[in-house]
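Please keep the sequence and the coordinates at hand while reading.

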Amino acid sequence: MRQNVRVLGVPMDLGADRRGVDMGPSAIRYGGLADRLDDLGFDCIDGGDIAVPRPEAGDPDANDLPDGRAKFLPETREVCADLSAAVAATRADGEFPLVLGGDHSIAMGTVDGATDPDEELGIVWFDAHGDFNTPRTTPSGNIHGMSLAGILGKGRFGETPWARVPGVSEENVVLVGLRSLDEGERELLTESDVTAFTMSDIDTRGASTVVQEALAIATDGTDAIHVSLDLDWLDPTEAPGVGTPVRGGVSYREAHIAMEHVADNRASLRSMEVVEVNPILDEHNRTAELACELVSSAFGERIL
C-alpha cells in the first residue's frame, strides 16, 4: 500500500537577517518534489503553507528580554505552535510529515508535533551550524541559530514550553557536519551530552561511517527519529542558494550517501524537514532541485 507523505510549507524568514528563505518551500515544490515522491511509490499530498506574519508588520525587539535578545519571539512562537499542530494532525491521519522551510527556527514546531507524550525522539541534525545559541549567548538575536537549544530547553528556553520538547534527550541528539560555531554556543555544546560530528570528522572518517554512527546514537533506546536537513550543510559550490553559506561543507555524493543511510532507517523515521533554501541567492533553482534529490534519497531512491 502506498504511504501518504504530507508536505507542509513554512515560508518563515523571521528567524534570520537575510531575506529570501521564505520562498524556499515554493522553490522546492517547483523543483519537482511531488513527482519524485510519486515515482518512488508515495502519494504526495500538499498540505499548503503555515501562515507566517510579515516581518515588516512587526517589531523584532517588541518582546524585550531581561537577559538577552530573540528577534520576533512572539511571532516565532505562534508559527511553531501552528506547525506543531499541523505535524501532529498529519501523523494522526497516518501520513508522514515532510516540512519545507523557511529558516531553521521552524524545527521547534516540527519536533514538538512529531513527539508524543511518554515517547523518546532522537534527532539527526545535518547543518553547518550548531543552532545552539540562547538569547543570552547569541551575537545576532536570530532565532534560527537557537532552534536546537530551544528544543533541548537550554537557558531561557527551559522556561519556554512551546520550544522545549521533553521527549528529546541530549544523548539521542546528533549534529553532523559542523563547521561554524559562535563562542557561547560552543561552550554550551561542549557542556552538553549532544554528540557533535564536525567536518573534520567527516574528512578523517568518511561521511558514511559518521552518518551511520549518528543514526545509531539517535535510534538508541528511542521510539523514533527526526531528521533535520539544513541545505547549508553542503558546500556552497553545491548549494549556493542558502541563507548562511559556509565554505568547506559536504560534497554532492557525501550528501546523497548520508540520505541513503537515512533511508536504511526509514522504519524509525518519524518526520523530516528541509530548511534554509534561499532562491534569491540560488542559480536556476539549483539548490531547491538538490533538496528534492536529497529527499528522494532519504525516501529510498537508488541508482540500482
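## Salt bridge between Glu95 and Arg6

Glu95 forms a salt bridge with Arg6, with 2.6 Å between the closest N and O atoms; the term stands for a side-chain nitrogen of Lys or Arg within 4 Å of a carboxyl oxygen of Asp or Glu. Because Glu95 sits in the loop between α3 (73-92) and β3 whereas Arg6 belongs to strand β1, the pair ties together parts that are 89 residues apart in sequence. Helices (H or I, at least four residues) and strands (E, at least two) are DSSP runs, numbered from the N terminus.

Glu95 counts as buried at 11% relative accessibility, and Arg6 likewise counts as buried at 16%, where buried means under 20% relative accessible area, exposed over 50% and partly exposed in between (1.4 Å probe, protein chains only). Arg6, Asp93 and Glu95 are linked in a network of salt bridges.

## Basis of the values

The model is predicted, local features need pLDDT of at least 70, side-chain atom pairs count only at pLDDT 80 or more, and totals for chains, interfaces and linings use all residues. Residues are numbered from 1 along each chain as its sequence is written, and side-chain values use heavy atoms, with hydrogens and water left out.

## Further salt bridges

A search of the whole structure finds 14 salt bridges. One of them joins Arg270 to Glu119, the closest N and O atoms being 3.0 Å apart; since Arg270 lies in strand β8 and Glu119 in the loop between α4 (107-114) and β4 (121-126), the pair ties together parts that are 151 residues apart in sequence. Arg270 is buried, with a relative accessible area of 16%, and Glu119 is buried at 19%.

## The sheet

An open sheet is formed by 8 strands in the order β2-β1-β3-β8-β7-β4-β5-β6, with parallel pairing; two strands pair if DSSP finds at least two bridges between them. Its edge strands, β2 (43-49) and β6 (195-198), each pair on one side only. Strand β1 (residues 4-10) is joined by 6 bridges to strand β3 (residues 96-101), which runs parallel to it, and Val10 stands opposite Gly101 in β3.

## Nonpolar cores

The largest nonpolar core has 49 residues, and those with the most contacts inside it include Phe126, Val176 and Trp233; such a core is a set of buried Ala, Val, Leu, Ile, Met, Phe, Trp, Tyr and Cys residues joined through side-chain atoms within 4.5 Å. A second, separate core of 42 residues includes Phe157, Leu175, Leu189 and Val194.
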